[in-house]
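Work through the exercises below with the model open beside you. Try each task before you read its solution.

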Amino acid sequence: MRTLKTSLPLKILNVIGLIIMVAIFAMPFIWMISTSLKTLGETMVFPPKWIPDELIWENFISAWNSGPFLQYFMNSVLVSVGILIFQFITVIPAAYAFARYEFRFKNVLFSLVMVTMMIPAQLIFLPVFLNLSDWGLLDTLWGLILPFATSAFGIFMLRQTFKQVPEELLEAARLDNSTDFKIMMKIMVPMAKPTLITLGLFNFITHWNDYFWPLVMTTTESARTLPVGIAQLRQVDGGVAWNILMAGNVILVIPILIIFFFAQRHIIRAFTYTGVK
C-alpha cells in the first residue's frame with residue numbers, strides 16, 4: 001500500500017515532465033504551421049494569435065511560385081539520395097572490415113575514423129572547396145554530393161551492429177563456400193536493416209536541411225536546394241513575409257515527417273540492438 005502511494009506521485013511527475021518536454025519540442029512546429037496559415041497582418045499582432053481567424057492556404061501556393069521550387073525540390077532529392085547511395089557503398093564494407101577482420105593498425109585506423117567525427121565541417125570547408133573548384137565541380141550537384149560520400153558515424157553504428165552477429169553463423173556460411181562479399185550482403189546487411197534505415201534517415205534529414213554547404217557551393221538556381229531557396233523568401237517587397245516564409249518551411253519539413261513516421265520503429269530497434277543509449 002505504501003509502495004502504491006509512493007509510486008502515484010512519481011507517475012504524475014513523469015506525466016507532467018513528458019507533457020512539458022512534448023510542449024517544448026512541439027511548440028515551434030505548431031507555431032510554424034499556424035503562422036503559415038495566417039495573413040501577413042496576423043503575424044505582426046501582439047500578443048500573438050495561435051489560431052488564425054481564417055486559414056490562408058494560398059500562402060503555400062505563393063511560397064511555391066516565388067521561385068523555381070520544383071527545381072529546388074528535385075535538387076534536394078537528388079543530393080540527399082545520392083549521398084545515401086554513396087555512403088552505403090562505402091560505409092558497409094568499411095564497417096564489416098572493422099567488425100570482422102583482423103589486420104595491422106586496425107585500432108589505429110578506427111580511431112582516426114572516430115576522430116573525424118569531432119572535426120566541424122566549417123573547419124575544413126575551405127580546402128574541400130578549393131579541391132572541388134580545381135575539379136570544376138562548383139555549382140554542380142556532384143559538388144554537393146562527393147564531400148559527404150562516406151560517414152564516420154555510419155561506420156561506427158554499423159560496426160557495432162555487425163559485431164553483434166554470432167561468429168558461428170558466419171562460420172557456417174563459410175563452410176558453404178560463401179565469399180565474404182556474399183556473407184556481407186546476404187547475412188550482415190539484412191540483419192542490420194534497422195541500423196541502415198536509421199542511418200539513412202539521419203543522413204537524409206541532415207543533408208535535406210543542410211544550408212551552409214549548398215550556400216557555399218552554388219551560385220545559380222540550377223544547383224540550389226530547398227533550404228537555400230526558402231531562405232530567399234525572407235525578402236519580399238523590402239520586408240519579411242513571415243507567413244510565406246513559414247509556408248516554405250512547412251514544405252521543407254513535410255517529406256522528413258513522412259519518412260520519420262514510417263521509419264520510427266526501425267530507429268528504436270537500431271539503437272536497442274547496437275547498445276547505443
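**Exercise 1. Classify Arg 100: buried, partly exposed or exposed?**

Step 1. Start with the value. This is a predicted model, and in it Arg 100 has a relative accessible area of 18%.

Step 2. Apply the cut-off. Buried means under 20%. Arg 100 is therefore buried.

**Exercise 2. Find the salt-bridge partner of Arg 100, and say where the two residues sit.**

Step 1. Look at the side chain. Arg 100 meets Glu 167 in a salt bridge, at 2.8 Å from N to O.

Step 2. Arg 100 is in helix 3, and Glu 167 is in helix 8. They are 67 residues apart, and the pair links distant parts of the chain.

Step 3. Glu 167 has a relative accessible area of 33%.

**Exercise 3. Follow the salt bridges on from Glu 167.**

Step 1. Take the next pair. The side chains of Glu 167 and Arg 174 also meet in a salt bridge, at 3.3 Å from N to O.

Step 2. Classify Arg 174. At 28% relative accessibility, it is partly exposed.

Step 3. Widen the view. Arg 100, Glu 167, Glu 171, Arg 174 and Asp 180 are linked in a network of salt bridges. The structure holds six salt bridges.

**Exercise 4. Compare the exposure of the two partners Lys 106 and Glu 102.**

Step 1. Confirm the pair. Their side chains meet in a salt bridge, at 3.4 Å from N to O.

Step 2. Read each value. Lys 106 has a relative accessible area of 11% and is buried. Glu 102 stands at 71% and is exposed.

**Exercise 5. Trace the contacts of Met 188.**

Step 1. Leave aside neighbours within four places in sequence.

Step 2. List what remains. Met 188 is in contact with Tyr 96, Arg 100, Phe 162, Val 165, Leu 170 and Ile 183.

Step 3. Connect the exercises. Arg 100 touches Met 188 and also forms the salt bridge with Glu 167.

Key: Residues are numbered from 1 along each chain as its sequence is written. This is a predicted model: local features need pLDDT of at least 70, side-chain atom pairs count only at pLDDT 80 or more; totals for chains, interfaces and linings use all residues. Side-chain values use heavy atoms; hydrogens and water are left out. Contact means heavy atoms within 4.5 Å. A salt bridge is a side-chain nitrogen of Lys or Arg within 4 Å of a carboxyl oxygen of Asp or Glu. Helices (H or I, at least four residues) and strands (E, at least two) are DSSP runs, numbered from the N terminus. Buried means under 20% relative accessible area, exposed over 50%, partly exposed in between (1.4 Å probe, protein chains only).
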